[in-house]
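Subject: Structure handed over, with notes

Hello,

Please find the structure below. Have a look at it before you read the notes.

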Amino acid sequence: MQTRRETLKQSALVAGMLAAAGFPQFANAAYNKAAFDAKTLQDVVKALGGSTVAESKDVTITGPDIAENGAVVPLSVATSLSGVKQMLVLVEKNPAAMVAMFNMTDSIEASFATRAKMGQSSDVYAVAIMADGKALFAKKEVKVTLGGCGG
Amino acid sequence: MADPMRIRAQASGDKATVRVLMSHEMESGQRKDAAGKLVPAWFIQEVSATLNGKPVMSAEWGPSVSKNPFLQFTVKGAKAGDKLAVTWKDTKGESRTDEATVS
Amino acid sequence: MNQSVGHNTKKIALALSLFVLSSVALAQKSSTDSIAEYRAMLQDGNPADLFEAKGEDLWKKARGPKNVSLEKCDLGKGAGVVKGAWVELPRFFSDTNRVQDLESRLVTCMQDLQGLNAEEINKTPFGKGEQANLTALATWISAESKGMKFNLPQGHIEERKMYEAGKRLFFMRSGPHDFACATCHSQDDKRIRLQDLPNLTKNPGAGNGFGAWPAYRVSNGQMWSAQLRLNDCYRQQRFPYPLFGSDATIALGVFMGVNGKGGEATAPAIKR
Amino acid sequence: MNRKHTLALTAIAAVFLTACAAPMPTSADLDKLAKDMASRSFRAQGQAKLDRLEQDEDNRLCSDADSKGVSVTEADAKAIEARNLASIKAPADGKYLGDFKAGEKVAQSGAGKTWTDKEDAPNGGNCYNCHQISQTELSYGTIGPSLYNYGKMRGVTDPTSATAKPIVEYTWGKIQNSRAYNACSSMPRFGHKAILTETQIKDVMALLLDPASPINK
């Protein structure tokens, strides 16, 4: 069995190799600042070049009804639809709505889980941007409470 | 240099579930320190993954992904023994790549 | 007639109050369930893993003025034995002639084997420099005992004295709020705000509570060692600042650990 | 068996059981051991000075009983309650109730008196840590009883009335110094230990007893 230390050494090696190759997978990536500055679902979709926005039963958002701490709110987004270009995770009442954007390829499923910070109780969204520019979403409410003794 | 990631990639059928933990502060740029000064934003902005060297996933993140981020995704056509590598790059231009073997 | 109306009103009032009570209970149950659900969602992917990996590396890495690893450190089960060490700590060590918990024992090893300065480490704030390393080490070492049962030794008289002292400190009410550890942690099924409070005087609370630290705190994204957990308890108790690795903190560890005998080690856990 | 014999037997048993080791100290010696341990295990930090480790007689008696798993003796309980009751003073202006909205804020706050709190910042009442109060706040503790509908359940419709006087005075006293009514209560002595100001206590009183307070709806 590989020890963690060996894994580390290997990782460093891999990092070196990838650095030498100039991170090919980042070559075309341009961070979409406008989308990450947008305050609303509509504006996020617009910044990503999308068109219509509609709720869809084929998109799912999973998260807790109540989060004991807003610093870490587990959220999963998924869809069974084909022809998805991007999957987004949004928290409506955060200073900027978009948490994460995943670019789809044929090699992955349209299903991602991550954890978001939430400043207050809010609706959270899973959004699938389709190849034709349509944005299909699902939403749910997550309440953020104060878990500790507040001291 | 940033601390290594923890990557678990488990094959089941013709796909593999990948779970990644990254060591990063993910400063939102909204938080004030003890002296009341705004702590500048510093977060992972780009994440990507390769399977046996071939790009399979890329993502862009904002400042509201939680500290020490967790990410889960599913790679099609991955089998035990395959090499799954994950790379992140943050707003300071720092980056880190770690690799795991699909089990 | 009048009487009958009065009777009916009373009945309605009673029905209404029952309705209010039961809806309160229902709302409460669902919020408790939701919190449990939230915690379950966090179990997969505990960032403590990151600290565990760092700790294992630190254990095996040659460091300090003497440039040696900690692989010869005796955590109570012989030099270099890590697995199972944590579920038997704190315990008496004859070389230092004192009962030590995991963290204070690690400091002894860091000084004796690696030539690091114990006093400096003890004075370093949590999460900084060698203290951050210490927490990572404790995270990995505790993880190596995951699933094992607590079995603190009580054979040495110093271990029994520490238990008795720990018990007295646990129940010691003082400070402006008259709080003791026992104020929050001596009854079953109590909560502070929404947080469940383990009863640390017996199992399952003692094993569950004591056996969960080091733990990753999602509220601040920090890895908290057992010493830091106790330190923050004392802060909220409005006591003065407990010295790192002090006898009072170790005595409390003995009291909780012995009470948790047979309980399962779950550290490193993930906590609010 | 008389005491002398018991002691002798215990000593013999101890010798056999622990072989060459020293026998276990007496309970009183262990009390001292714990006390000495406390005095060398802490340092002052911020406003949390070392004098906080010095227990008053009430805390000493209650802690001692707690660690033995018993209640304080009836005589001790009466003495504790009597001297704590004597510390309670009625409000200088005769007004027991303040503003319930401000009271809710005091009840919500768990701040104050820790080594990370500023000394001049207002202290909180920590009420929700242990009690359910408002129905809309789901994050409440269960160490103390629910205080939802506190005034309403006790039939308080006019807190200034003669009928409400006993419950108003009792509630005032309970917040000022809980040990006047329950010798070893876990509740902080908010007035006696100067945790809350008189204004803050009046505001919490209003939260509990004002018929207009949302908790009495």
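Predicted model: local features only at pLDDT ≥ 70, side-chain atom pairs only at ≥ 80, totals over all residues.

Residues are numbered from 1 along each chain as its sequence is written, chains are lettered from A and ligands numbered from 1 in the order written, and side-chain values use heavy atoms, without hydrogens and water.

The interface

Chain B contributes 41 residues to the contact and chain A contributes 39, where contact means heavy atoms within 4.5 Å. The size of an interface is often given as the accessible area lost when the parts come together. Here chains B and A bury about 3500 Å², with 52% of it on carbon and sulfur atoms; buried area is the accessible area (1.4 Å probe) that two parts lose on being put together, summed over both.

There is 1 salt bridge between the chains (a side-chain nitrogen of Lys or Arg within 4 Å of a carboxyl oxygen of Asp or Glu). B:Lys15 forms a salt bridge with A:Glu109, and their closest N and O atoms are 3.1 Å apart.

On chain B, the strands β3 (44-51), β4 (54-61), β5 (70-76), β6 (83-90) and β7 (95-101) each supply at least two residues of the side that touches chain A. Strands (E, at least two residues) are DSSP runs, numbered from the N terminus. β4(B) gives the most to that side, with 8 residues. β4(B) also pairs with strand β6 (residues 98-103) of chain A, antiparallel, over 4 bridges; two strands pair if DSSP finds at least two bridges between them. In this pairing, A:Met101 has B:Glu60 as its bridge partner.

Strand β8 of chain A

Strand β8 (residues 122-130) of chain A is largely enclosed by the rest of the structure, because 9 of its 9 residues are buried (under 20% relative accessible area, 1.4 Å probe, protein chains only). In a regular strand the side chains alternate between the two faces of the sheet. Both faces of β8(A) are covered, with A:Val124 among the buried residues on one side and A:Tyr125 among those on the other.

β8(A) runs antiparallel to strand β5 (residues 84-91) of chain A, joined by 7 bridges, and antiparallel to strand β9 (residues 135-144) of chain A, joined by 8 bridges. A:Ile129 stands opposite A:Gln86 and has A:Ala135 as its bridge partner in β9(A).

Regards

Terms used
Buried < 20%, exposed > 50% of the residue type's maximum accessible area, 1.4 Å probe, protein only.
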